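Trainee: I have a model open and would like to go through it with you. Can we start with a single residue and then look at the whole chain?

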Amino acid sequence: MRKVVLVTGASSGIGLALCKRLLVEDDELHLCLACRNMSKAEAVHATLLASHPTAEVTTVQVDVSNLQSVFRASSELKQRFQRLDFVYLNAGVMPNPQLNIRALFSGLFSS
């Protein structure tokens, strides 16, 4: 039985590099690309299958900064898969309006 692996932010950057590495290590897994931009996700999907033809690769649309999108995607994943063996939560940047960059750098570079 194939391991089911979910990677958020899989269409670029660290998420994409992780997906490539996972398939190099084990191309007998089922890799689910969780991405916000489905056109980029489909391009990555095709590229990964071209280099790892025995792998199973699917996509799910999710914007981790939108709670409704996360609920919809989790419901879809629950219907698709019996289980998730590994989940890599790579995507998402949540700005903190309370963060004072000047104070942060001042604190980092002062004695």
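Trainee: Where does His52 lie?

Mentor: His52 sits in the loop between α2 (38-51) and β3 (56-61). Helices (H or I, at least four residues) and strands (E, at least two) are DSSP runs, numbered from the N terminus. Keep in mind that this is a predicted model: local features need pLDDT of at least 70, side-chain atom pairs count only at pLDDT 80 or more, and totals for chains, interfaces and linings use all residues. Residues are numbered from 1 along each chain as its sequence is written, and side-chain values use heavy atoms, with hydrogens and water left out.

Trainee: Is His52 buried or exposed?

Mentor: His52 counts as buried, because its relative accessibility is 12% and buried means under 20% relative accessible area, exposed over 50%, partly exposed in between (1.4 Å probe, protein chains only).

Trainee: Which residues does His52 touch?

Mentor: Leaving out residues up to four places away in sequence, His52 touches Lys20, Leu23, Val24 and Asp27. Contact means heavy atoms within 4.5 Å.

Trainee: And where is Asp27?

Mentor: Asp27 is in the loop between α1 (13-25) and β2 (30-35). Asp27 is partly exposed, at a relative accessible area of 27%.

Trainee: What joins the side chains of Asp27 and Thr54?

Mentor: A polar contact of 3.0 Å. That term means a pair of N or O atoms within 3.5 Å; within protein, one must be able to donate a hydrogen and the other to accept it, and residues adjacent in sequence count only if both atoms are side-chain atoms.

Trainee: How far apart are Asp27 and Ser39 in space?

Mentor: They are 23 Å apart, C-alpha to C-alpha, and 12 residues apart in sequence.

Trainee: New topic: which helix holds Ser69?

Mentor: Ser69 lies in helix α3 (residues 67-80). Ser69 is buried, with a relative accessible area of 13%. A polar atom of the Ser69 side chain lies 2.8 Å from the backbone nitrogen of Asp63.

Trainee: What about the whole chain: how many helices and strands?

Mentor: Four helices and four strands, in the pattern β-α-β-α-β-α-β-α along the sequence.

Trainee: How much of the chain counts as buried?

Mentor: Of the 111 residues, 31% count as buried.

Trainee: What size of box do the C-alpha atoms fill?

Mentor: Roughly 55 × 30 × 25 Å, taken along the principal axes.
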